[in-house]
Amino acid sequence: MDMISKEHKKEKLGFEETELRLGLPGGGGIVNGDLENSQKEKNLISCSNDSVKSPHRAQVVGWPPVQSFRKSIVAVQKRNSEEGGGAAASFVKVSMDGAPYLRKVDLNMYKSYQDLYGALGKMFSFFTMGKCDSRGMMDFMNERKLMDVLNGSDFVPTYEDKDGDWMLVGDVPWETFVGSCKRLRIMKGTEAIGLG
Amino acid sequence: MVNYFPEEVLEHVFSFLTSHRDRNAVSLVCKSWYNVERFSRGKVFIGNCYAISPERLISRFPRVRSLTLKGKPHFADFNLVLHDWGGYVYPWIEAMAKGCTNLEELRLKRMLVSDASLELIAKSFPNFKSLVLVSCEGFTTDGLAAIASNCRFLRELDLQENEVEDPRGQWLSCFPDSCTSLASLNFACLKGEVNLAALERLVARCRNLKSLRLNHAVPPDVLQKILARAPQLVDLGAGSFVHDPESETYNKLKNVMQKCTSIRSLSGFLDVNARCLPAIYPICINLSSLNLSYAPGIYSKELVKLIRKCKKLQCLWILDTIGDKGLRVVASACKELQELRVFKSDPNDVGNAAVTEEGLVAISAGCPNLNSLLYFCRQMTNTALITVAKNCPNFIRFRLCTLDPITPDAVTMQPLDNGFGAIVQSCKGLKRLSVSGLLTDQVFLYIGMYAEQLEMLSIAFAGNSDKGMVYVLNGCKKLKKLEIRDSPFGNMALLADTGKYETMRSLWMSSCKVTFGACKSLAEKMPRLNVEIINEGDEMEGGSDDRQNVEKMYLYRTLVGPRKDAPDSVWTL
């Protein structure tokens, strides 16, 4: 490349002219004793002094110039990968026919179908009150009674799998179920014809 | 002589002029041409929303159908500009709603868009067809719901990289059953859930849908159903691409993908399991554009397996996880490549970027048609840049970003002046340049000397003295936007050629050495410039010291004087 003339080659490129010398804030690294340069020090924090190559450049505001939108996407992706671990989300919605609102359960919290039924029973005990007990009071902690509700003819637990098909809970091994269950629906027995 | 043709003929001739510059030139010929042109102008581009007022726009171009507006300065992308600096679109919409209701298309970049603005658009423009929002904020999905509900002929809703709040998440179901006109729908940037059933129905009834970009909340099984309904898609943004490769859904997806032979552009993969990428292999050969820059966690080997099949690729956006080795494969496979962007895979981490000058040199050797580059790298050398300049003389956009803003040539430890000098000397059509690394006034001498077509220049941590900036201002005749941060340019440079700023759109200088006094005298001298000082801190209270350095200055030419919507921390001098 011959475009550089001899005069330019001779021009001194001394770094003392750069005035962007990085020194410890307020310390001796500031060139020319120019206090106004300390304004730049606010943005630049570095441990290196006068070194041309600093492998551990500390953070500079807005550098590298990455769109804040992109940064926020990456932050969310990082968080998800740290929390989730696996590919599928473990939280699934649970609906019960007749209940005014849905719940969510984390399938990874349970080790077996029995565990899951227990939890579901507790969650929806309120709505099964009228159905399963003639007394005014309901024993919320009576797991067995709640499981009877679920195992009995009144309600049938079903789930939607990854292909969008509605399946009866309990047919496949627990782990397979967890991997393929997208949502749960506790159906009224009368609607569950054809699934059993 | 020029009045020889009747106006209808002139208007017909002008209808073949599509570029703004041509139309602007034509309007300067004579009064008659000015009038014919202004009544027939359909598309107006306003690069700085504060350069002109909506009222003047409408009075000059009463029949405008398509309006493009840009608001905040570019450095706002990197958090260098206050959130509420300005760029409100509402006044524009309000004025158009009163004076120009045949608006069909609105394209906004870096503007503050409120739900009220979107609601006003939805109510006021019966022929509204196209809304494109890029890097905007201030609106929620409620505003989108208003657009969906009311714009009966909506063809395009394109949301790119906006920050959107999602309080209700039901906006998609607001498209009425009668809406069948959508050709382009991009909601990839939305963070919330969408009504999947409504989405499927919408896709099924919009037979002209060519471009569809989904957000992360659209799972693979819905994607599969959508693709089965819309094999005519040309541009696809997959949302979530995570599934079990053994599953039935994945199988169905593979089969349906094979039928999508029209897809030319692929993006998204906001959530991805790399083992599922083979589903895309069948369409790779048709791709001209591939954006995997938002796809986390794909190893270089898998990226390369995919890209290797994309023989017709013209545009590639990728993360630096591809590595120099991966870039060599790109260079050997993608001979038609024109645009390459390599982003940092972890922008919040100041650790090592995974690509170096070697990857760039390999690309330049293999892809001679390369004309647009954005490259985040760990290091660079002059030799590499000189080689790149020789291999690719067609650069229009060249943006280099080294991890360390003042890193020198990695081999010689010299400044990178000569390397960038080679780029500007060789690439005679260069319009946009971002420099980084250790740079002295020398590089600006070269830029001023050779970069004759340069319109936008971004400078950070570069130069030694005022001379650097003066070289650029004197030499680059076509310069429109100059943005400078953390460089030692001061009052002498700022005031050297004040008339120059009226030929430019804007100048940004932050953490430089310009003082209050100089900014004030510039503002006094040039009434057709707005000189804004942005104060975020406690620095200036009450009377400001003229000798004090200004932290952030943004000046731009304008025909309408100081704006009235600036927040307290922005002073127009």
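**Inside the cavities, then across chain A**

Eight cavities of 30 Å³ or more are found in this structure, which is a predicted model in which local features need pLDDT of at least 70, side-chain atom pairs count only at pLDDT 80 or more, and totals for chains, interfaces and linings use all residues. A cavity here is a set of points, on a 1 Å grid over the protein atoms alone, where a 1.4 Å probe fits but cannot get out. Residues are numbered from 1 along each chain as its sequence is written, and chains are lettered from A in the order in which they are written.

Strands are DSSP runs of E, at least two residues, and helices are runs of H or I, at least four.

Now over to chain A, which has six helices and five strands. From the N terminus on, they follow the order α-α-α-β-β-α-α-β-β-α-β. Of the 196 residues in chain A, 40% are buried, meaning under 20% relative accessible area with a 1.4 Å probe, protein chains only. Among contacts in chain A (heavy atoms within 4.5 Å) with a separation of 6 or more, 49% join residues 24 or more positions apart.

Technical notes:
Heavy atoms only, no water. 1 Å grid on protein atoms, 1.4 Å probe; cavity = no way out; pocket = protein on both sides within 12 Å on 5 of 7 lines; lining within 4 Å. Points joined across faces, edges and corners; volume = space filled by probe spheres on them. Buried < 20%, exposed > 50% of the residue type's maximum accessible area, 1.4 Å probe, protein only.
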